[in-house]
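Here is a short briefing on a pocket and a ligand. Look over the sequence and the model first, then read on.

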Amino acid sequence: MTIARKDILTLIKQHVAIRQYQDRPVPREILDKILDAGIWGPSVHGIQPWRFSVVTSANIIKRLSQVMKQKSQKMHAGYNMVLRFSAETISNAPVLILIYNNQDLQKFMKRMGGAYLRCARISEMQALAGSIQNMVLAADFLGVGSCWLTLPVFCRKEINKMLKDRGELAGVLTLGYATAGRAGTRSKRRAVKSMVKFVEE
Ligand SMILES: Cc1cc2nc3c(=O)[nH]c(=O)nc-3n(C[C@H](O)[C@H](O)[C@H](O)COP(=O)(O)O)c2cc1C
């Protein structure tokens with residue numbers, strides 16, 4: 001797959017998060033390509049701190065969404081609302097990719113004497129974000145909508161219990177084909193010059 005530089009810039013700018021999906025599965029070969037983009041996220045000196053669980057069971061997706069809705073009832077207003085909103089996005093999606101921090105960088109640093117653990121955690125999160133963004137853009141390129149969610153992390157324990165996992169859940173990517181006419185919009189961007197300082201001397 002070759003893509004011209006101009007095309008990737010267009011893809012980045014035109015990408016919108018999708019929260020409403022058709023009742024249509026995403027073919028396995030497309031999922032494999034999206035996951036492949038994820039594993040080609042930026043490593044930290046070769047260390048790849050991610051692990052993925054792909055959920056395609058409508059029953060489990062519904063239960064995950066219910067767990068989040070239940071938890072949202074115990075949270076303050078505001079958090080309550082955004083967690084419910086994310087639970088709705090999950091309940092709509094035919095596929096979820098759960099992204100875990102496998103903590104390989106922290107393990108490596110511990111073997112080296114345990115210094116710089118805070119830096120290791122920050123690096124893990126940044127590498128995971130790079131991996132997720134790769135999947136978001138690859139999915140868009142392949143015609144698949146997605147929404148990057150961190151709020152499910154509030155329900156990490158409950159989700160782990162349901163999926164019999166003990167990992168550090170770092171985020172969830174919902175995937176599916178956008179419902180016609182519900183494609184979403186991008187928020188406006190502040191001017192580059194208001195956010196960038198060139199240090200030239
Ligand atoms: C790290 C991260 C976490 C996010 N978590 C959530 C979330 O839990 N729920 C949600 O609805 N949107 C969440 N979003 C927002 C959407 O994934 C998406 O990026 C956003 O709607 C795009 O808006 P924009 O047009 O302002 O770029 C998150 C985005 C990022 C980058």
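Predicted model: local features only at pLDDT ≥ 70, side-chain atom pairs only at ≥ 80, totals over all residues.

Residues are numbered from 1 along each chain as its sequence is written, and side-chain values use heavy atoms, with hydrogens and water left out.

- Two or more lining residues come from each of α4 (79-92), α6 (117-141) and β3 (145-149).
- β3 gives the most, with four residues.
- The lining has eight nonpolar, four polar and two charged residues.

**Ligand and its shell**

- The ligand takes the space of the second largest pocket.
- α4 and β3 are the elements that give two or more residues to the shell around the ligand.
- β3 supplies the largest share of that shell, three residues.
- The residues around the ligand include Ala 17, Arg 19, Phe 85, Cys 147, Leu 149 and Arg 186.
- By class, the shell has six nonpolar, three polar and three charged residues.

**Polar contacts and burial**

- Ser 187 has a side-chain N or O atom 2.3 Å from an oxygen atom of the ligand.
- Trp 148 has a polar backbone atom 2.6 Å from an oxygen atom of the ligand.
- Ser 86 has a polar side-chain atom 2.8 Å from a nitrogen atom of the ligand.
- The ligand taken alone exposes 630 Å², and the protein buries 65% of that.

**Terms**

- A pocket is an open set of points on a 1 Å grid where a 1.4 Å probe fits, with protein on both sides within 12 Å along at least five of seven lines; lining residues have an atom within 4 Å of a point.
- A molecule sits in a pocket if more than half of its atoms lie within 2 Å of its grid points.
- Shell residues have a heavy atom within 4 Å of the molecule.
- A polar contact pairs N or O atoms within 3.5 Å.
- Accessible areas use the Shrake-Rupley method with a 1.4 Å probe.
- Helices (H or I, at least four residues) and strands (E, at least two) are DSSP runs.

Conventions. Nonpolar A, V, L, I, M, F, W, Y, C, P; charged D, E, K, R; others polar. Polar contact = N/O pair within 3.5 Å; in protein donor to acceptor, adjacent residues only side chain to side chain.
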